[in-house]
Amino acid sequence: MKHGLALLMLFFSMSVFSQPGNADTAQVVIPNRYNSIEAQTKPYVIMISADGFRYDYAKKYNAQNLLNFSDIGIRAKAMIPSYPSITFPNHWTLITGLYPSHHGLIDNYFYDYKRKASYAMSDKANAEDGIWYGGLPLWGLAEQQGMLSASLMWVGSASDAGGMRPTYYYPYHEKFSPAEKVEKVINWLKLPTDRRPHFISLYFPEVDASGHHFGPDAKETEDAVRKVDIAIGELVQKVKELGLKNVNFIFVSDHGMIKVDEKNPLEIPQILMDKEKFDIYNSQTLLRIYVKNTTEVKNVYNELKAHKTSDYEVYLDKKLPKHLHFSTKDDYYGRIGQILLVPKAPKIFLEKGKKPSVGKHGYDPAIIPEMKATFFAWGPAFKNNMTVDEFENVNVYPLVADILHIKISRPVDGKLKVLKKIVKENKR
């Protein structure tokens, strides 16, 4: 399978995944699993992701339900995505507590030179093959400790990553409306105590799709925000009607969105067009380069550096800023590449003949605030009326584990001390 530039830019659609017309909408249930007696007494966490829900969208578009819930509970000024600030890497970071370079999902599309195989988020076989995903996802952590879990379309949840799938899950598709997803969650919570999941992960793609196609300031994006907000309101109300105690909600996003300069894109340097010498991987907000003759890396870097414009930076992989956690020493799986071209927002790299989307993400959130994500939390485990400073998204994992009273069994990058202050002492 070819793994150059063409692999990375197969297509761009409304969805972050490909959507075959005959998508399987049936739930998968792993048989013969039950909550332990101890797990049946533990709290519930419903972790909701709205893809591309920028840190300021709730206020910008008056998402009244989310604003009300976060007023009652916890609201972060923003949550900092991991680099690169794109969908698959950050959803897997949220669910494993590891930076992308540490869990291996370093892009939506990449090539593994050790395995000699390509990963593409739009490839169902890839998406459901746990060998691509490092770390232990929260549903696996819970299942290993006798606690049932469920997932609606979260990245990697249909795979055996970490050794165990959720007890209840759906292969990815976009046939369900937000309201239908709410009903699926409620049906899980209506199950008998020994079969009822205590950790549920839920994914909404609508805001990201609108942001890409119409931009972050468009009416269509506002409508998508409102649609998700209505669904969250319905979910909370219906959970309340069930009368369950100790149900906690965490609302997150993977990244933000910015309007790019689609009319004046950057051209990929001509030297990189030689496919005999280079593999290039272009997500438009990051261009990764693999030099096939490794003895030529420094010379290629120097030439690219000498001819670059002020619209982008050129880095050797070992020289990337430390806060990105994306350099050689962090690249556990050898998937990043040796040279990286990093455009300055709102610039993007674009191949000739390609049409860019209006909105994009992937930039460094430390430099581009529009990349920042959302974090809200409410429920009996959380303190009330509290606003917290920005924090990195790797810290969500130990927070969820703490609320569920399950022990982290593998090293993670996140630290409980970062968010410990938002949890009530008697709930820890």
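Tutor: Gladly! Let's begin with one term: a contact means heavy atoms within 4.5 Å. In this predicted model, residues 24 or more positions apart account for 75% of the contacts with a separation of 6 or more.

Student: How many helices and strands does the protein have?

Tutor: The secondary structure comes to 13 helices and 19 strands.

Student: And what does the radius of gyration tell me?

Tutor: It is compared with the value for a compact globule, which for 428 residues would be near 22 Å. This protein has 21 Å, so the two agree. Its C-alpha atoms fill a box of roughly 65 × 45 × 40 Å along the principal axes.

Student: What share of the residues is buried?

Tutor: Buried means under 20% relative accessible area. Here, 59% of the 428 residues are buried.

Student: Is H91 buried or exposed?

Tutor: H91 has a relative accessible area of 0%, so it is buried. H91 sits in helix α4, which covers residues 87-96. Beyond its neighbours within four places in sequence, H91 touches S49, D51, W154, V155, Y203 and D254.

Student: Where does pLDDT stay under 50?

Tutor: That happens over residues 1-21, for which the model has 56 contacts beyond four places in sequence. Where pLDDT is low, predicted coordinates should not be read in detail. For the protein as a whole, the mean pLDDT is 93, and 94% of the residues reach 70 or more.

Key. Residues numbered from 1 in each chain as written. Predicted model: local features only at pLDDT ≥ 70, side-chain atom pairs only at ≥ 80, totals over all residues. Heavy atoms only, no water. Helix = DSSP H or I, 4+ residues; strand = E, 2+ residues; numbered from the N terminus. Rg over C-alpha atoms; globule rule 2.2 N^0.38 Å. Buried < 20%, exposed > 50% of the residue type's maximum accessible area, 1.4 Å probe, protein only. pLDDT = per-residue confidence, 0-100.
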